[in-house]
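This report covers selected side-chain features of one chain. The sequence and structure follow.

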Amino acid sequence: MSHLRKANHGPRHLSGYQIMWMLVTFDLPVETKKQRAAATKFRQHLLDLGFEMS
């Protein structure tokens with residue numbers, strides 16, 4: 001059975017069929033200083049996870 005390869009074994013190459021786009025929208029309250037800080041922290045967290053802003 002050692003001749004069988006696992007599906008995710010070896011180098012992976014990105015293909016247009018394997019890439020998925022995800023659109024994240026959010027509307028957070030930003031009326032107070034505390035709310036603005038929380039919204040900024042959330043947005044920064046999404047950027048840290050690899051999301052891009054456009």
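Leaving aside its neighbours within four places in sequence, with which residues is Gln-35 in contact? The model is predicted, with pLDDT of at least 70 needed for local features and 80 or more for side-chain atom pairs, while totals for chains, interfaces and linings use all residues. Numbering runs from 1 along each chain as its sequence is written, and side-chain values use heavy atoms, without hydrogens and water.

Gln-35 is in contact with Pro-29 and Val-30, contact being heavy atoms within 4.5 Å. Gln-35 lies in helix 1; helices are DSSP runs (H or I, at least four residues), numbered from the N terminus.

There is one aromatic pair in the structure. The ring centres of Phe-26 and Phe-42 are 4.9 Å apart and the planes stand at 90°, so the pair is edge-to-face. Rings of Phe, Tyr and Trp (its six-membered ring) pair with centres within 6.5 Å; planes under 30 degrees apart are stacked, over 60 edge-to-face, the rest tilted. Distant parts of the chain are linked by this pair: Phe-26 is in the segment before helix 1 (33-48) and Phe-42 in helix 1, 16 residues apart.

The table gives relative accessible areas (buried under 20%, exposed over 50%, partly exposed in between; 1.4 Å probe, protein chains only).

| Residue | Relative accessible area | Class |
|---|---|---|
| Phe-26 | 39% | partly exposed |
| Phe-42 | 32% | partly exposed |
| Gln-35 | 27% | partly exposed |

Key. Helix = DSSP H or I, 4+ residues; strand = E, 2+ residues; numbered from the N terminus.
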